[in-house]
Amino acid sequence: MMKFKVFIGLNRIWIVIILFLFLFSSCAPQKRINRILKNNPHLLHRDTVKVTDTLTVITPAVEKDSLISVENLKKDTVYITEDNLIIKTYVRNDTLYVHGKCDTTINEIVREVLVPCETPIFHKPREKLSWFDYIDYVTSTLLVVIILILGLMYIFKK
């Protein structure tokens, strides 16, 4: 008989613990915001943000040599330059020498991308509460306290 009373007392303690856990538990703020925005899409402000992206393209140096054998061709040294390419051509004895060189180039490509984004619209809260707001807060607080007291009295009535 004594063991049965102890078992009932433990059950009541667990019921009180579970009641307090339900009372003080709530869902995560992110879930609440997602649910509110899903049900009220007019609260979202759709806008585009301009993002600047910079890419660096490196062209490696290039070097090329050529030999051309030509009889009876005697010219001065010829230089050909364009952007980062330099070609040097000259004749020695019966051979035409061509030497080309391209320096390393670094190009930065800047591009702007428009990214769509959605931001919630926040309204500034009122500075002063009305008397109706105070009555609403007091009434809801009293209702929760009365329900909690009645639930505890029902659990511990014996």
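Is Arg-111 buried, partly exposed or exposed? Arg-111 is partly exposed, with a relative accessible area of 43%; here buried means under 20%, exposed over 50%, and partly exposed in between, worked out with a 1.4 Å probe and protein chains only. We'll come back to Arg-111 once the overall layout is clear.

A word on what you're looking at. This is a predicted model, where local features need pLDDT of at least 70 and side-chain atom pairs count only at pLDDT 80 or more, while totals for chains, interfaces and linings use all residues. Residues are numbered from 1 along each chain as its sequence is written, and side-chain values use heavy atoms, with hydrogens and water left out.

Start with the big picture. The chain has 3 helices and 6 strands, and from the N terminus they come in the order α-α-β-β-β-β-β-β-α. Helices (H or I, at least four residues) and strands (E, at least two) are DSSP runs, numbered from the N terminus. The chain counts 158 residues, and 8% of them are buried. It exposes about 14,500 Å², with carbon and sulfur atoms supplying 63% of that; such areas come from the Shrake-Rupley method with a 1.4 Å probe, and for residues only the protein chains shown count as cover. Take the contacts (heavy atoms within 4.5 Å) between residues at least 6 apart in sequence: 69% of them join residues at least 24 apart.

Now follow the strands. Strand β3 (residues 78–82) pairs with strand β4 (residues 85–92) in the antiparallel sense over 5 bridges; two strands pair if DSSP finds at least two bridges between them. Val-78, for one, has Thr-89 in β4 as its bridge partner. The two strands make a hairpin with 2 residues between them, and Asp-83 in the turn has a positive phi of about 50°. Then β4 runs antiparallel to strand β5 (residues 95–102), joined by 8 bridges. Here Lys-88 sits opposite His-99, and Ile-86 opposite Lys-101. This hairpin also has 2 residues between its strands, with Asn-93 taking a positive phi near 55°.

Arg-46 forms one with Glu-118, with the closest N and O atoms 3.2 Å apart. Arg-46 lies in strand β1 and Glu-118 in strand β6 (residues 105–120), so the pair ties together parts that are 72 residues apart in sequence. Lys-50 and Glu-112 form another, at 3.8 Å between the closest N and O atoms. Lys-50 is in β1 and Glu-112 in β6, so this pair bridges a gap of 62 residues in sequence. And here is Arg-111 again, in a salt bridge with Asp-53 at 3.3 Å. That pair links β6 to β1, 58 residues apart.

His-45 belongs to β1 too (residues 44–59). Beyond its neighbours within four places in sequence, His-45 contacts Cys-117, Glu-118, Thr-119 and Ile-121.

Finally, look at the surface. A nonpolar patch includes Val-138, Leu-142 and Met-153, and its members together have about 650 Å² of accessible area. Met-153 lies in helix α3 (residues 131–155) and is exposed, at 53% relative accessible area. Patches take residues with over 30% relative accessible area and no salt bridge, joining like charges within 9 Å and nonpolar side chains (Val, Leu, Ile, Met, Phe, Trp, Tyr) within 5 Å.

Terms used: A salt bridge is a side-chain nitrogen of Lys or Arg within 4 Å of a carboxyl oxygen of Asp or Glu.
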